[in-house]
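Subject: Structure for you to look at

Hello,

Here is the structure I promised. Please open it first, then read my notes below.

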Amino acid sequence: MGLRQKIVDSRLYRDFIQRKATGPLRAYYDIPPADPHRPVGETEFIALDLETTGLDPKRDEIVSLGWVIIRQLGVDFSSCEHILVRPTQELSESSVVVHRIFDSDVANAPDIKTALEHLLPQMAGRVLISHHAPIELGFLGQACKQCFGAPLQIPTVDTLVLALRDLHRSGQPMKSGALKLDSLRRSHNLPPFRAHNALSDAIAASGLFLAQIAKRDPKGELELNRILR
Amino acid sequence: MSIELEEIAEFLKQHHPFDLLPDDEINTLPKRLTARYFRAGTKVLSPEQQCLHLYIIRTGGTETRDPDGLLLARLSEGECFGVRAMFRNGKAANNITTLEDSLCYLLPEKDFHDLAGKYPQFNYFFAQMGGERLRSGMQLIESRDDDQLKLMSVRVADLIARNLVSIDKSATILDAGKLMSKERVSCLLITEGDAEVVGIMTDRDLRNRVVAQGRSYDDPVTEIMTANPISIHPDEYAFDALLTMTRHNVRHLPVMKDGKAVGVITTNNLLARQSLSAVYMAGRIGKLTDPADMAKVIKQVPELLSHLIEAGATSQNAGHIVTTLSDAATVRLLQLAEERLGPPPVPYVWMAGGSQGRQEQTALSDQDNCLIIDDAYDPEQHGEWFRALADFVCDGLNTVGYVYCPGDMMAKTDQWRQPVRVWQQYFNKWIEQPEPKSLMLCSVWFDLRPIHGTKSLFDNLHRLIVSKARDNRIFQAYMVGNALSHHVPLGFFKNFVMIRGGEHDSTLDLKHNGVVPIVDLARIHALANGVDAVNTFERLHAVKSLPSISKQGASDLLDAFEFISITRLKHQVRQIRRGDAPDNFLHPESLSAFERSHLKDAFSVIKNLQNALENAFGKSGT
């Protein structure tokens, strides 16, 4: 982990940005973050995926968000949420092709600020789960800065990183596509899923996460900080 | 609803008993679920542990063991555990361990009871499981609550409710009436000397033969009794008893053992256990006069089969019940033919061969049958009568739904409509001078079972077959060679070898590569040991304690047979449910990983026992 990352993840930095945060982000920071020394089984997670108009958080925008909460190592389907977000610019053709979300779909959708007002309370005190987290962290961080004056800090588990560690440990050569969500799920005897939208991806990642933890933590003693990014 | 949750709803809709819920309800279910993941070998529940959810297996498989470690069940995709806990205030009853990495959906106890309260059919399914019903891939230890199955597992002896009430044949009608009234019974057995039964008298007889006819009460009971009543053995199944009663239109059946009456069972004993579709189907066939009408009844066999399999019937139960219906159709057609042609000029017996003979029919069966006629048969004089009989019955069966045998192994064919002496010649030749062509016939004609007529005609022939086959090693070696020609679909590394190309690309032929090899093995071991059973389960049970096959080998083969047969039946039931015609070709992908590995094990068992047989008999033969 790089020095910059260490700083960005530090308590000190959190205290610093907390003071700059406004609105729901302020409320988010008022709730203490998940304790890294607690067992994973006692920690609450939020598996989240988002779809964007491109890959650059500075230029591109979020068009949809999906998430589900994990408690006591169980994916709680009653907590599922999927929201579309109305971007400020018109949707590009390439983005429509990928997500099949059209301008007409998002015309009446909430803007990103409203979406974050809904999401941030769900994230407070919980640990983020994402498959390839830099995307989610980059876009959410950028959005928080724009809307509420400060970046987002949240303890994060990246299922892609956990998969990579497993793969390195096994000493097996990496096959192309081995780190894709679907092939990882298959290797853990999880049912195939169809990647349709942000929520289906979030749920897919949550299942993979459970499998990765089951493998690491047969006795339920694993501490959170062992799996954080 | 999100598409991911729709996928969960779709999954539930494909599995019993969730498929019984209305769509509106199922669509709300995913939101009430929690997903949990367990590594292989994880103990998910143990006795008395708190369990506040019903577990639905999404992927993987589990094993249920009772507190003493006895294996009760193996569950796979779509099946549920934690059911007992739902009925025990959230306390688990058994040990549940994952056999593979498994993803489970957990339904909260409260939601479970809400659904059970709202939907009786859903409740019924689990109430059975909550009681005693637990199933395993192969070792079924269940007390079946389904009525049909109960009758298949309950013996007549268990149905006898009270001590026998009988009266000596010297008694008067008045004595008999008084005794019936005093003992509060609806029938009396009439005995002579030391409990020898000479007749039966029922309350119906008092009404019809005494009161209605104005008969004197001082007449002897022998005047109104039914002499030499039809009886049943205490070891027979309740199902057979009900069938016998329906067939002969009687309501009381004496239970006889070694020539002595041990009790009486009545329709009330049985009908208290509710109506039975298979028995009623058989009963209906017995009343019809047109094969086209019988076809309408037989058309329901696939549905009956689905019902049986879903209720947890073993393949042996299902085979027995389904075969009963083709027996019923055969008997009925023979009766109709005799009505039309007049009484038989010489005695005969109608025989079923192949799967009907073995009582192992499934949803799709063609007909294999033959006629054995008394040696007094004169082709000139009687030939036409029997030809007409065979044509009527075989054509009738074809109309009913049991299509003509592609190999013409039917009584319709002149060659298979012969007197005893000709059949003796046939069997002598097949056994003493075996040749490849005749071996094909053996799979049909060595599994004969009398259906209707003078059964004693077959007895002598049967004895001859059994003793000749037992003593003839060359014949056995030929049979072995033939049996080994059915390859098991397992490659060198225990992978499935599948059919390539054509209509059945990438499938396994469960019949020819699974069921038939075991049937062949069982036949050889039975014939080589003079065992006269024809049913594959009975054959394997009979040879279990004999030296020709190891006890373990026979047990393994029994398990493998049950597993492959039930997999085939379930496959056919799925096709029936989809509205497709049932066949024997299974795509292994349609099975869970757990079922696949079981199937591989079952095929390995066959392969091992084929090898053992090859070693025991040498590689002679074809």
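In strand E12 (residues 226–227) of chain B, Ala227(B) is the bridge partner of Gly199(B). Strand E12(B) pairs with strand E11(B) in the antiparallel sense, over two bridges. Two strands count as paired if DSSP finds at least two bridges between them. Strands (E, at least two residues) and helices (H or I, at least four) are DSSP runs, numbered from the N terminus.

A word on the source. This is a predicted model, where local features need pLDDT of at least 70, side-chain atom pairs count only at pLDDT 80 or more, and totals for chains, interfaces and linings use all residues. Residues are numbered from 1 along each chain as its sequence is written, while chains are lettered from A and ligands numbered from 1 in the order in which they are written.

Back to E11(B), residues 196–202. Strand E10 (residues 187–192) of chain B is joined to E11(B) by six bridges, and the two run antiparallel. Here Glu192(B) has Glu196(B) of E11(B) as its bridge partner. Is E11(B) enclosed or open? Five of its seven residues are buried, so E11(B) is largely enclosed by the rest of the structure. Buried means that 20 or more other C-beta atoms, placed from the backbone, lie within 10 Å of the residue's own; exposed means 12 or fewer, and partly exposed is in between.

Next, two helices of chain B. H18(B) (residues 420–432) and H20(B) (residues 456–471) pack at an angle of about 10°, with their axes 10 Å apart. Axes are lines fitted to C-alpha atoms over the stretch in contact, and angles run from 0 to 180 degrees between N-to-C directions. H18(B) and H20(B) are therefore roughly parallel (angles under 35 degrees). H18(B) contributes residues including Trp423(B) and Phe427(B), and H20(B) residues including Leu461(B) and Lys468(B). By class, this contact has nine nonpolar, one polar and one charged residues. Nonpolar covers Ala, Val, Leu, Ile, Met, Phe, Trp, Tyr, Cys and Pro; charged covers Asp, Glu, Lys and Arg; the others, Gly among them, are polar.

Last, where chains A and B meet. Chain A gives 25 residues to the contact and chain B gives 23 residues. Contact means C-beta atoms, placed from the backbone, within 7 Å. On the side of chain A, H10(A) gives the most, with eight residues. That side has 13 nonpolar, nine polar and three charged residues.

Best wishes

Note on methods: Two residues are in contact if their C-beta atoms, placed from the backbone, lie within 7 Å. Angles under 35 degrees count as roughly parallel, over 145 as roughly antiparallel, 65 to 115 as roughly perpendicular and the rest as oblique.
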